[in-house]
Amino acid sequence: MKTILIVEDDRRIAQNIYRGLHAEDFEAEIAYDGITGKNLALSKKFDLVLLDVNLPGLKGYDVCQQIRVYKPSLPIIMLTAYGEVEDKVEGLNKGANDYIVKPFDFRELMARINAALRVSELNNPETENKTLRIADLELNVGTKEVIRAGKSIELTAKEFALLEYFLLHRGRVVSKMDLAEHVWHLNFDPGTNVVEVYINYLRKKIDKDFSTKLIHTRPGLGYIMKEE
């Protein structure tokens, strides 16, 4: 489970983000000032930092710059009410990976978090050997290879991303909205059938010719990947 540090002095915003992250199965910790945020980021293991700019004690730009000295690969997304180009440029020049202006839709924040985590994962030297498994199905994150019962399966980029999401959430029901937002990075349109179309594509490749089915529909709820 990924852990995110929230450095935000507005307690209402910080708590809202904290609750939203937990609903998305992330662990989270909050710091309400820049010095505490910097110390936590440097002393504990986090997968990503959400960092406000206008913080008491130590400004967000300075926190970002100091984190970068010791943890150059830790993803940092800056949160701020300042939307001018100069502010964004300063944040990015200090080492931020991304910059989102308040007020923001939590769905957009989650899309940016997931994008930053994907880039971080790809840049992690351990990723090339990471394999996700269920039953006789294996997915290699680094090489993009998928094998079932010893048979290599060719997937498109979107099919691979869909399968990877299922494997990362195996044993849990995921809704069409979850898939649309995390695999396609789109606000869910109930009128589109893109999710169902790709579920069918994926089933034909990883389930059709095998006795044990892995992708199951839960009517009215979504889909679940499990041995059944």
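1. D47 counts as buried because its relative accessibility is 15% (buried: under 20% relative accessible area; exposed: over 50%; partly exposed in between; 1.4 Å probe, protein chains only). D47 sits in the loop between α2 and β3 (48-52). Its side chain makes a polar contact with the side chain of K45 at 3.5 Å (a pair of N or O atoms within 3.5 Å, one able to donate a hydrogen and the other to accept it; residues adjacent in sequence count only if both atoms are side-chain atoms). Beyond neighbours within four places in sequence, D47 is in contact (heavy atoms within 4.5 Å) with M1, K2, T3, L74, P75 and L117.

2. The model is predicted: local features need pLDDT of at least 70, side-chain atom pairs count only at pLDDT 80 or more, and totals for chains, interfaces and linings use all residues. Residues are numbered from 1 along each chain as its sequence is written, and side-chain values use heavy atoms, with hydrogens and water left out.

3. S43 belongs to helix α2 (residues 34-43) (helices are DSSP runs of H or I, at least four residues; strands are runs of E, at least two; both numbered from the N terminus). S43 counts as exposed because its relative accessibility is 59%. The side chain of S43 reaches the backbone oxygen of N39 at 2.7 Å.

4. S43 and N114 are 71 residues apart in sequence, and their C-alpha atoms are 23 Å apart in space.
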